[in-house]
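Open your viewer and get your selection tool ready. We will go from stop to stop, and at each one you will hear what to select and what is there.

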Amino acid sequence: MRGSKAVIERPDLRGAGPFGQILKFEPRRPGSPSFAAGPPHQIEDDLDDFARFEQEQDEPIDYRHRMIMNLIALAILILLVGLGVWIADTISDLQREQDCLMQGRSNCAPIEVPIPVQE
């Protein structure tokens, strides 16, 4: 594991003034490797990994396939939103029933009475 020179060559803090010690940072040189960049072959490998997702410029765009994928994504999104609303409603009903039971009531279950048909 590589570290910076400030950590490896730790300065003596006993000589620091009342406001701490000022560290001198050296500017980067064009030939020196950066610690954040990593080895050069790693960057080339990453570019090759992304190249497989690129589309050739001469290749025509398949709008039919694109629209089908968009419709599938929309259906999945609608399904997820519907499930989220259903779960929120179910949790709300359960919380209402638990609140009723915590108050000590015994008639917490709703009673559904059929509405008489008027003729």
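**First stop: a pair of cysteines**

Select Cys108, which is buried, with a relative accessible area of 18%. Buried here means under 20% relative accessible area, exposed means over 50%, and partly exposed is in between (1.4 Å probe, protein chains only). Before you go on, note that this is a predicted model, in which local features need pLDDT of at least 70 and side-chain atom pairs count only at pLDDT 80 or more, while totals for chains, interfaces and linings use all residues. Residues are numbered from 1 along each chain as its sequence is written, and side-chain values use heavy atoms, with hydrogens and water left out.

A disulfide joins Cys100 to Cys108, with 2.0 Å from S to S; the term stands for a pair of cysteine sulfur atoms within 2.5 Å. A disulfide is a covalent bond between the sulfur atoms of two cysteines. Look along the S-S bond of Cys100 and Cys108: the angle about it is -85°, and the link is left-handed. Cys100 is buried as well, at 10% relative accessible area. The structure holds 1 disulfide.

**Step back: the whole chain**

Switch to a cartoon view. How many helices and strands are there in the protein? There are 3 helices and 0 strands, and the pattern along the sequence reads α-α-α. Helices (H or I, at least four residues) and strands (E, at least two) are DSSP runs, numbered from the N terminus. Of the 119 residues, 2% count as buried.

**Along helix α3**

Select Asp93 and Arg96. Their side chains meet in a salt bridge, at 3.0 Å from N to O. The term means a side-chain nitrogen of Lys or Arg within 4 Å of a carboxyl oxygen of Asp or Glu. Asp93 and Arg96 are separated by about one helical turn, because they are 3 residues apart in helix α3. Asp93 is partly exposed at 30% relative accessibility, whereas Arg96 is exposed at 53%.

Next, pick Ile76, also placed in helix α3. Ile76 is partly exposed, with a relative accessible area of 47%. Now show the surface: a nonpolar patch there includes Ile76, Leu79, Leu80 and Trp86, among others, and the whole patch has about 970 Å² of accessible area. Patches are made of residues with over 30% relative accessible area and no salt bridge, with like charges joined within 9 Å and nonpolar side chains (Val, Leu, Ile, Met, Phe, Trp, Tyr) within 5 Å. Accessible areas come from the Shrake-Rupley method with a 1.4 Å probe; for residues, only the protein chains shown count as cover.

**Last stop: a charged patch**

Select Glu54, Glu56, Asp58 and Glu59, which gather in a patch of negative charge on the surface. Glu59 sits in the loop between α2 (40-51) and α3 (63-102), and is partly exposed at 43% relative accessibility.

Methods. Lys and Arg count as positive and Asp and Glu as negative; His and the chain ends are not counted. The place of a charge is taken as NZ of Lys, CZ of Arg, CG of Asp or CD of Glu.
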